[in-house]
Amino acid sequence: MKNWLRLAVLAVCLVLPSVAKAGAWPQTGGDTQVIITYEPGSADEGFDASGDKTVALDRWKQNNLSVFIDHGVTEHLTLTAKVNYRDYTTGPEHFSGLSSIEAGGRWTLKRTDDFVFALGATVEGFGKGRRNDYDMSSAGGTDYDLRVYAGKSFTLLGKNAFVDLQAARHLRQYEANEWRLDATLGVKPSPQWMVMAQVFAGRTDKAAWGYAQWANTELSVVRRFGPQQQTSLQLGLRQTAAGRNVPAVQAVVVSLWKTF
């Protein structure tokens, strides 16, 4: 497989879920959070198999739109669902439509005033477009994500802050499985504002042609609105800081969070 085509095949889902989805803290029983996220991105270079940014890419653009729902059932159980719509052009290939639907949940094993530990699982299927970093558009199949969450709140320079860590094993029906490790540091300078610094990293198991690695960094600002702060707007920038056999993506993140 040529380098440019391999990178195009690997490209679409490097924009990984934000902390709004992956956070360890459960949703309050009976409450529902809806998150609508739009992520336009592009790349004109890619990382080769040695991790050097030496591969020139032509016409690599993506526009991802997702709707995520987080519903608290009990103090321990939170159900989740997500619909992913993608529009992308990678070299000669173009796709626009439903890429996947996800459903699952998190189970909180331990929670204190400043710490939470949880386990989660999701099932992903349907759709016709690329679903993951290394997908061909026709890969399809059913995928499973098994995840461990840990969250800790604390005070940083007199301001409320938190750290959220997660590790996941992503199992594929037709493509290589992968490991994921995500970390988020959030600081709240005021009740209405939050700043988040995030790292989304991972690697695939070895496939027939090789494997992929990625480390994405994201910096975003969240503004809360309303008397009970039930509506939030997130604006952020994301880029691929390092990787192997992946494009060097630059993306904008725009998310609207609403709790009912």
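Among contacts in the protein chain (heavy atoms within 4.5 Å) between residues at least 6 apart in sequence, 59% join residues at least 24 apart. The model is a predicted one, in which local features need pLDDT of at least 70 and side-chain atom pairs count only at pLDDT 80 or more, whereas totals for chains, interfaces and linings use all residues. Residues are numbered from 1 along each chain as its sequence is written, and side-chain values use heavy atoms, with hydrogens and water left out.

The mean pLDDT (the predictor's confidence in each residue, from 0 to 100) of the protein chain is 86, and 85% of its residues reach 70 or more. Over residues 1-22, however, the pLDDT is below 50, although this stretch has 86 contacts in the model beyond near neighbours in sequence. Where pLDDT is low, the predicted coordinates should not be read in detail.

Of the 260 residues, 47% count as buried, a class defined by a relative accessible area under 20%, with exposed meaning over 50% and partly exposed in between (1.4 Å probe, protein chains only). The chain exposes about 12200 Å², of which carbon and sulfur atoms supply 60%; accessible areas come from the Shrake-Rupley method with a 1.4 Å probe, and for residues only the protein chains shown count as cover.

Strands β1 (32-47) and β2 (residues 53-72) run antiparallel and are joined by 15 bridges. Within this pair, Phe47 stands opposite Lys53 in β2. The two strands form a hairpin with five residues between them, and Gly51 in the turn has a positive phi of about 90°. Strand β2 is also joined to β3 (residues 77-90), again in antiparallel fashion, by 13 bridges. Gly72 has Thr78 in β3 as its bridge partner, and four residues lie between β2 and β3 in the hairpin that they form.

Salt bridges, defined by a side-chain nitrogen of Lys or Arg within 4 Å of a carboxyl oxygen of Asp or Glu, number nine by this rule. In one of them, the closest N and O atoms of Glu39 and Arg238 are 3.0 Å apart. This pair links distant parts of the chain, with Glu39 in strand β1 and Arg238 in strand β11 (residues 231-244), 199 residues apart. Arg106 lies in strand β4 (residues 93-111) and Asp70 in strand β2, so the pair ties together parts that are 36 residues apart in sequence. Arg106 counts as buried at 5% relative accessibility, and Asp70 is buried with a relative accessible area of 2%. Glu178 and Arg180 form another salt bridge, with a closest N to O separation of 2.4 Å; both of these residues are buried.

Both partners of the Arg106–Asp70 pair are also touched by Gln27, a residue in the loop between α2 (19-22) and β1. Gln27 is buried, with a relative accessible area of 13%. Not counting residues up to four places away in sequence, its contacts also include Gly72, Thr78 and Thr259.

In soluble globular proteins, nonpolar side chains tend to be buried together. A nonpolar core is taken here as a set of buried Ala, Val, Leu, Ile, Met, Phe, Trp, Tyr and Cys residues joined through side-chain atoms within 4.5 Å. The largest such core has seven residues in all, namely Ile35, Phe68, Phe162, Met194, Met196, Val222 and Trp257. A second, separate core of six residues includes Ala43, Val55, Trp60 and Val249.

Ala248 lies in the loop between β12 (246-247) and β13 (250-259) and is buried, with a relative accessible area of 11%. The C-alpha atoms of Ala248 and Val55 are separated by 9.5 Å, although the two residues are 193 apart along the chain. Excluding residues up to four places away in sequence, Ala248 touches, among others, Ala43, Phe47, Lys53 and Thr240.

Terms used. Two strands pair if DSSP finds at least two bridges between them.
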